[in-house]
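Hi everyone, thanks for coming. Let me put the structure up on the screen and then walk you through it.

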Amino acid sequence: MSDTSQSERIPSEQQLVDWLKVKPRTFGWSAVLAYDRVRANTLLLQEYIDRHSSEEDAFEHISGEMVISAGKHWSYFNDVVLDAPRLSFERSTISNSLATLTLRITGGSHMTVVQGANGPRKVERIDWYDPLQGPKLIVGIRLNDTDGSVSEDGRVKLNLAAGVDIRLTLGTSENEQEEGGRFFQQIFDKWPENKKVLVLNELGQVDGAEFLNPDQFRLRGVPAPGANVRRSSTYGDGAVTVFVSAVGSEVGLTPDNLTEMMFPVPKGRSSTVLIGNYYLVKNLIGAKCWDRFHANMTFDNDNPLAAIKSGTILGEHFTKVDGHWSPFVPFGALHLFSDMPLSDSPGTTANLALDVSNGTIDIRWQGENEGTNFWSKVTTSDPGTATDVGMKWSYKRVYRFGLTDSGALGLIEIANDSVTDFELYPMHELDPVLDGWSDVMFYVCSTHINNIGIDQLSWFVDPTAEFNMFRLHGLLFRSSAVVDLKAAHFPCDLVVFGDLGPSATAFELEPLEDVIGAGASIAMKAVPPQAGLTWQVEGVTGFEGDIGSISETGVYQAPTMEGAYQRYTMVRITGATATASSSALMRVVRSDVVLNPLVVTASSTSGKIQMAAGSVDGGELTWSLKSATGAELTEEPPEEGEYDDGERFYVPGPGTSGKPFSVDEVTVVNPRSGASHTSYVLRVETGVSGKVYIAESDLPARKVRLEFDNNMGPIKNTVWTVIAGGGSVDDEGVFTADEDPVHKFAIVTAYFLIENVAELTNFIILPIPLVDLG
C-alpha cells in the first residue's frame, strides 16, 4: 500500500463531522480530548524545560542502600540528583496505552558492593554521574491501570500508585535494573503524599459558574491509520486521548479498540475536543434553566450514551411582569401586573421548549395570558382606571456553536431565524377617560413587556458567551493558551478542532537542550527566525553560583565554575517576542568527556560489563582498550536489560598476564577536542586468599589503615601496592588519599609470600572520599 493511500485514511474534518452525526461518540464521558502525539510530546518537552524553574518540582537528593542479592550484593547511592520528570506518550493502542516518565540521574555517585562467605564487604564498581553520563530512571505508566483526578484545590494529578513499572538503566542484568527500579520506588513511597503523584498542572480554585469543571480523567493512546506500516507516511503517528468526567458526572466507558471510534484528529489539525451531547444540553440548558427560573427542564432522553434532541418545562412556572411607567402623557402613569408563564397554568397557555437538531439549538417560548391587570391614570386628578387586557407572545431564538471575534468558542445567534411577536390587547371596551391616549399607552406597555420577554431568553446564551477551555486542556498541559481554535461544529456532540501549542511552539530555540563546557560560549537561535527577540538567562532551582550571561544577539557565555563545589550547574535560557516565547535548558559541566564505571572488577567468568560515555558536544567518541588478557569491547548488548545507543560492553579475555591481577584500560577520546577519559577494569586472574579490609578509619583526614588477614589474624610484613587510581600506601598499610584527587578511587593490592609454601594475595577498591563499609 502506498504512502499516499495510508495518509488518506486519516479523516478530514468533514469526515469526522459526518461520523459524529450518527450518534454520540464520547462513550458517556462529559468530554473527550485528543491531541496529535508528536505535537503533544513537543509541547511537553517545552514544559519539561519550564519545570526546572519551579521549586516545587525539584526532587530531593537521594542516598541509600539497594539490596541486589541479600547478604551478597548491594548498590550504594550517594547524593543522587534526579532531573525534572519528562512525560511522553508512546506508540500504543487503546487497549494497551503507555506513557513514559523519564528522570535522568545527572549527579551523585554509585558503588556496587559484594561480600563473599565470611569476608568483608568489598567495592566492585564505582560510578560518578554528571549531565554527560548517567543512568535514567524510566517509569513506564500503564495508562489502562492509572486514572487521573483533579483535587478540590485544582491540582491535576496522575496517580502513580498503580499501573507503574520502574526500571533503572544501570547494570547488565534485567534483575539488577529491576532491583534499581524497586529501590527508587521504595524511596518514592517514603515521600509525602504530595510527592507520590505526578502533578501535571495546577488549575486553581473555580467558582460555581464554570461550565465544565473536570473531576476524573483517563489517558489513552490511539494509533493513526497506517501507524504500524513502516512504508506509511503515518508510521509511528498517533493521538493522545483524554476521557474526562466533570464534577457531578459519572465516569463513562472506555473503548476497547479502534473499531469503536474513528481516529479523532483530522488532517491538518493537532487538537480535537468533543463535549458530549448529553452533558452539554443538560448542563448548558437544564442547569441554567433551574438557576434562572427554579424550573426543571424535562428532556426526551436520560441516557448519557444517547443524544438529547428536545426538552420542555413542565409544571406551573412563570415570570412576573410588574411594571410602572410614565409615558409621554401629561402627569400620567401606567402600571401593569401580569404573569408570562413558561408552561401551562390556570387561565394561560404557554410552552418553553428546546429543539436540538441540524447543528443548532432552537429555543421557543410561546403563550397567552388573558388575566392581565392594567391600571392607568391620565392626569393627577384622575383616580385611575383598571382594565383587563390580554397578552400573546411567540419568541424563537436559534443558536449555533462557532468561534467568536476573539477566537474563543461560543454560542452565536442566527439572527435571520429569530422570531419576536408580542401583542397586548383589551379584553373589553376601554374606559372613556382613556380616549385619545389608548394607542400611546398600549404601545409603551407592549414595548416594555416585550423587552422583558426577550430578556428572559438571555439566561440561555449569556453563560456561554465564551467557553473557557483552559481547564480541559490544563489536564495535560501547563500553558495557558495551549490550543488555537479553528472550527466548531455541533453534529450531535460538540466538536472543536484546533492547532496545539501555537504560541508555545511558534518558534523553538536551538539547541533546545544541551551540555556546554565551563567557560565556553554557544550561539542560541530561534527556528524559524524571529525579529525583536529578547534574551534572558536564569538559574535553576538547586544550583548555586554564577549562571553566566547572554548577549543581545543570543550568545550565551557559560561561567568558568572556578571555585564552585558542584560538578556542574544548570541554567534556563528564554527567548521572547511580544507574543510568544521559548526556553532551552543548558547544563554547564567541568568535564569534556566522562566514562562510567570509573573502576570495576572482572574475572574470566564475568559477563559483559556495561561501559557508558558522554561528551560535552554530544558527538561520536573514539573507544580503545588496553588488555593483557585479550579482552574486547563490543557494541552488542546483553540479551537482558535496557541500554542506550553508543554504549560499549567489556568482554573479559581468555588469556593471562602471568600475574594475580592485571588492569585493563578502557579509554574514550573526543576527536574534536582531544580530551579523553580512562576507566579501569581490575582483571582478577587467579584465586585470591584471605581478605583485605579497613582496620582503622579513625585517623587524620584522608587516611585509613588496611589489614590483610588469611583467616588466622592480620599478616605482618604485607607488601602493599596501589596499582591504579590515586593516593599512596605505606608499609604499615596506611593509605593516604591525594589532597586534590584526580581519581575517585584507588586499587590497593596485598601480597605475602610464604617461602616454598604459597603466595597469598588479595585486593581492595577504596572509594574517594574514603568510606568504611564495615
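Let's start with a quick one: are Phe 77 and Phe 183 buried or exposed? Both of them are buried, where buried means under 20% relative accessible area, exposed over 50%, and partly exposed in between, with a 1.4 Å probe and protein chains only.

Before I go on, some housekeeping. This is a predicted model, so to speak of local features we need pLDDT of at least 70, and side-chain atom pairs count only at pLDDT 80 or more, while totals for chains, interfaces and linings use all residues. Residues are numbered from 1 along each chain as its sequence is written, and side-chain values use heavy atoms, with hydrogens and water left out.

How confident is the predictor? pLDDT, its confidence in each residue from 0 to 100, averages 81 over the protein chain, and 80% of the residues score at least 70. Two stretches stay under 50: residues 1–8 and residues 226–236.

Now the overall picture. The protein chain has 8 helices and 50 strands; these are DSSP runs, numbered from the N terminus, with helices being H or I of at least four residues and strands E of at least two. Of its 774 residues, 51% count as buried.

Back to our two phenylalanines. The structure holds 9 aromatic pairs, meaning rings of Phe, Tyr and Trp (its six-membered ring) with centres within 6.5 Å; planes under 30 degrees apart are stacked, over 60 edge-to-face, and the rest tilted. Phe 77 and Phe 183 form a stacked pair, 5.0 Å centre to centre with 20° between the planes. Phe 77 lies in strand β3 and Phe 183 in helix α4, so the pair ties together parts 106 residues apart in sequence. Ring pairs also bring in Phe 184, making a cluster with Phe 77 and Phe 183.

What about charges over rings? That label needs NZ of Lys or CZ of Arg within 6 Å of the ring centre and within 35 degrees of the ring normal. Arg 121 lies over the face of Trp 74, at 3.8 Å from the ring centre, and Lys 122 has its charged end over the ring of Phe 763, 3.6 Å from the centre.

Last stop, a sheet. It's open, with 4 strands in the order β44-β45-β48-β47 and antiparallel pairing; two strands pair if DSSP finds at least two bridges between them. β44 and β47 are at the edges with a single partner strand each, so one side of each has no neighbour in the sheet. β44 pairs with β45 over 5 bridges.

Note on methods:
pLDDT = per-residue confidence, 0-100. Contact = heavy atoms within 4.5 Å.
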